[in-house]
Amino acid sequence: MKKSEALNILGLRDGASDDEVKQAHRQKIRENHPDKFTDPEKKKSAEDATKRINEARDVLLSRKWDPEYGPRAGYAGTYQHPYGGAQGTQQNPFAGQNPFAGQPFTYVWTSWDNIGANRNGQTGDPFDFVDFTSTFTQRPTKTAAQEAAEAKEDLKRSGILLAVKAGILGLCAAMGGLATGMFVYLIATILFAIGREVRGCSSILIIPFIIFFGPLIMFLMPGLGASIGMGLLVFFGIAVAYDIGTLRRLIETWRTAKEKAKVAR
């Protein structure tokens with residue numbers, strides 16, 4: 001018997017106490033006692049009613065009643081979980097079998113699982129077993145020695161590049177084309193600055209830069225014996241300042257990484 005049905009038989013509302021259940025039971029028994037009727041049909045009906053009244057009392061006092069809705073109907077009751085168990089509990093209707101067998105998933109969290117627990121039974125986010133990090137979102141951890149070696153190599157490359165640019169500048173100056181050497185130094189600094197900032201994509205960006213701006217660069221490049229304009233002098237000064245700042249930063253980075261590597265030994 002359902003709880004709502006038992007309450008309806010005794011004329012009670014949900015939440016009635018045990019004393020109210022017993023009082024309603026006695027009243028209904030007096031009203032429907034078979035000895036009050038002489039007609040066989042009415043007597044039989046009273047006997048059936050008495051049985052239901054007694055059953056309703058037992059259900060409410062023992063708190064053991066049938067679910068309000070079947071497992072296939074939408075559960076909206078407030079008395080008992082449709083898949084069995086006392087009120088407020090949840091049980092898996094597919095206990096003993098896997099309803100997701102053959103599906104392309106290693107684990108499927110459902111509302112029948114313990115709320116707040118993961119697949120290991122530990123309390124927490126039910127999706128905390130999913131690792132959304134990848135090689136694109138997480139850099140590999142480097143040791144202090146590796147960082148020191150990388151900083152040293154970066155400093156070495158920048159030093160070589162600066163020496164090459166200075167050599168080209170000196171060669172052009174010896175040939176009477178100081179303005180040409182300054183212009184080449186400036187363009188080289190811009191290209192390698194772009195390459196440093198976008199590292200992995202440097203070749204993708206520098207090659208189109210040379211293709212599209214190459215003719216313009218050749219057009220603007222001063223020839224041998226040309227005078228040094230004010231604009232070229234200003235931008236050359238900025239390029240030199242950039243190189244000096246980059247070199248100082250790389251030296252400081254290398255020294256810091258070197259100290260960390262010593263401490264880590």
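Select Arg 63 and Asp 18 to begin the tour: their side chains meet in a salt bridge, with 3.2 Å from N to O. A salt bridge here is a side-chain nitrogen of Lys or Arg within 4 Å of a carboxyl oxygen of Asp or Glu. Arg 63 lies in the loop between helix H3 (40-62) and helix H4 (144-174), and Asp 18 lies in helix H2, so the pair ties together parts that are 45 residues apart in sequence. Helices (H or I, at least four residues) and strands (E, at least two) are DSSP runs, numbered from the N terminus. Asp 18 itself counts as partly exposed, at 31% relative accessibility. The term buried denotes under 20% relative accessible area, exposed over 50%, and partly exposed the range in between (1.4 Å probe, protein chains only).

The structure is a predicted model, in which local features need pLDDT of at least 70 and side-chain atom pairs count only at pLDDT 80 or more, while totals for chains, interfaces and linings use all residues. Residues are numbered from 1 along each chain as its sequence is written, and side-chain values use heavy atoms, with hydrogens and water left out.

**The whole protein**

Now display the entire chain as a cartoon. The protein contains seven helices and zero strands, and along the sequence its pattern reads α-α-α-α-α-α-α. Of its 265 residues, 25% count as buried. A contact means heavy atoms within 4.5 Å. Among contacts with a separation of 6 or more, 54% are made by residues 24 or more positions apart. The protein exposes about 18700 Å², of which carbon and sulfur atoms supply 59%. Accessible areas come from the Shrake-Rupley method with a 1.4 Å probe; for residues, only the protein chains shown count as cover.

**Further salt bridges**

Side chains of opposite charge can pair when their charged atoms come close. How many salt bridges does the rule give? The count comes to eight.

Select Asp 14 and Lys 3, which form a salt bridge with their closest N and O atoms 2.8 Å apart. This pair links distant parts of the chain, 11 residues apart: Asp 14 is in the loop between helix H1 (3-10) and helix H2 (18-31), while Lys 3 is in helix H1. Asp 14 is partly exposed, with a relative accessible area of 43%, whereas Lys 3 is buried, at 14%.

Next, select Asp 48 and Lys 44, another salt bridge, whose closest N and O atoms are 3.2 Å apart. Both residues lie in helix H3, four residues apart, which is about one turn of the helix. Asp 48 is partly exposed, with a relative accessible area of 31%, and Lys 44 is also partly exposed, at 45%.

**Helix H1**

Return to H1 and select its buried residues, Lys 3, Ala 6, Leu 7, Ile 9 and Leu 10. They cover an arc of only 160° around the axis, which puts them on the same side of H1. The arc is that of the directions from the helix axis to the C-beta atoms. What covers these buried residues? The cover includes H2 and H3. Just after H1, select Gly 11, which takes a positive phi of about 70°.

**The aromatic pair**

A search of the whole structure finds one aromatic pair. Select Tyr 185 and Phe 236 to see this edge-to-face pair, at 5.3 Å centre to centre and 65° between the planes. Rings of Phe, Tyr and Trp (its six-membered ring) pair if their centres lie within 6.5 Å; planes under 30 degrees apart count as stacked, over 60 as edge-to-face and the rest as tilted. Tyr 185 lies in helix H5 (residues 178-198) and Phe 236 in helix H7, so the pair ties together parts that are 51 residues apart in sequence.

**A nonpolar surface patch**

Select Leu 178, Ile 228, Met 230, Leu 233, Val 234, Phe 235 and Ile 238, which make a nonpolar surface patch of about 670 Å². Patches are made of residues with over 30% relative accessible area and no salt bridge: like charges are joined within 9 Å, and nonpolar side chains (Val, Leu, Ile, Met, Phe, Trp, Tyr) within 5 Å. Helix H7 (residues 230-264) gives the most to the patch, with five residues. Phe 235 lies in helix H7 and counts as partly exposed at 49% relative accessibility.

**Cys 172**

Finally, select Cys 172 in helix H4, a residue that counts as buried at 13% relative accessibility. Leaving aside its neighbours within four places in sequence, Cys 172 is in contact with Gly 177, Leu 178, Thr 180 and Gly 181.
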